[in-house]
Amino acid sequence: MSHTILLVQPGARPETRTYCDYESVNECMEGVCKIYEEHLKRRNPNTPTITYDISQLFDFIDTLMDISCMVYQKSTNTYAPYNKDWIKEKIYVLLRQAAFSSNA
């Protein structure tokens, strides 16, 4: 478990910046998915069930002005920064594991 801080700037204006913190990288990646799901709910308020595929999620991540993670490194007592590509890779691994678990 590595404490993880998610930094998000959805728009061009600095005032749109926000952050969330999580107890682990996986919880953070689930948080990114929830951000996208909330975005979809706001855009489709009358749709009872929201579905999407990973490419739509990645497209959404790419539309954000900035998104990055700071992950705590116990060995150095510091936080290491990670970018959009790293976030997408971690989400891919998380969703693949979830799909594999549900099929087992």
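**Close-up views of the predicted model**

View 1. Lys 88 counts as buried, at 14% relative accessibility; buried denotes under 20% relative accessible area, exposed over 50%, and partly exposed the range in between, with a 1.4 Å probe and protein chains only. The structure is a predicted model, in which local features need pLDDT of at least 70 and side-chain atom pairs count only at pLDDT 80 or more, whereas totals for chains, interfaces and linings use all residues. Residues are numbered from 1 along each chain as its sequence is written, and side-chain values use heavy atoms, with hydrogens and water left out. Lys 88 belongs to helix α3, residues 84-103; helices (H or I, at least four residues) and strands (E, at least two) are DSSP runs numbered from the N terminus. Apart from residues up to four places away in sequence, Lys 88 touches Phe 58, Ile 61 and Asp 62, where contact means heavy atoms within 4.5 Å. With Asp 62, the side chain of Lys 88 forms a salt bridge at 2.8 Å, N to O. Since Lys 88 lies in helix α3 and Asp 62 in helix α2, the pair ties together parts that are 26 residues apart in sequence. Asp 62 is partly exposed, at 41% relative accessibility. A salt bridge requires a side-chain nitrogen of Lys or Arg within 4 Å of a carboxyl oxygen of Asp or Glu, and the count by this rule is 3.

**View 2. The salt bridges Arg 13–Glu 15 and Lys 41–Glu 38.** In the bridge between Arg 13 and Glu 15, the closest N and O atoms are 2.9 Å apart. Arg 13 and Glu 15 are both exposed. Lys 41 pairs with Glu 38, with 3.7 Å between the closest N and O atoms. Both Lys 41 and Glu 38 are in helix α1, at a separation of 3 residues, about one turn of the helix. An α-helix has 3.6 residues a turn, so residues three or four places apart point the same way. Lys 41 is partly exposed with a relative accessible area of 44%, as is Glu 38 with 39%.

**View 3. The open sheet.** Four strands form an open antiparallel sheet in the order β2-β1-β3-β4, two strands being paired if DSSP finds at least two bridges between them. The edge strands β2 (18-22) and β4 (78-82) each have a single partner, so one side of each is left without a neighbour in the sheet. Neighbouring strands are turned by 20 degrees against each other on average, direction ignored. The antiparallel pairing of β1 with β2 extends over 5 bridges, and Leu 7 stands opposite Tyr 19 in β2.

**View 4. The largest nonpolar core.** A nonpolar core is a set of buried Ala, Val, Leu, Ile, Met, Phe, Trp, Tyr and Cys residues joined through side-chain atoms within 4.5 Å. Among the 22 residues of the largest such core, Leu 6, Met 29, Ile 67, Cys 69, Ile 87 and Ile 91 touch the most other members. At least two residues each come from β1 (4-9), α1, α2, β3 and α3, and α1 supplies the largest share, 7 residues. Beyond its neighbours within four places in sequence, Leu 6 is in contact with residues including Tyr 19, Cys 28, Val 32, Ile 67 and Ile 87.

View 5. Val 71 lies in strand β3 and is buried at 5% relative accessibility. Not counting residues up to four places away in sequence, Val 71 touches, among others, Thr 4, Val 25, Tyr 79 and Trp 86.

**View 6. Leu 64 in a loop.** Leu 64 is located in the loop between α2 (54-63) and β3 (66-73) and is buried, with a relative accessible area of 8%. Neighbours within four places in sequence aside, the contacts of Leu 64 are Val 8, Gln 9, Pro 10 and Lys 84. Gly 11 is 53 residues apart from Leu 64 along the chain, and their C-alpha atoms are separated by 6.6 Å.

Methods. Axes fitted to C-alpha atoms, helices over the stretch in contact; angles between N-to-C directions.
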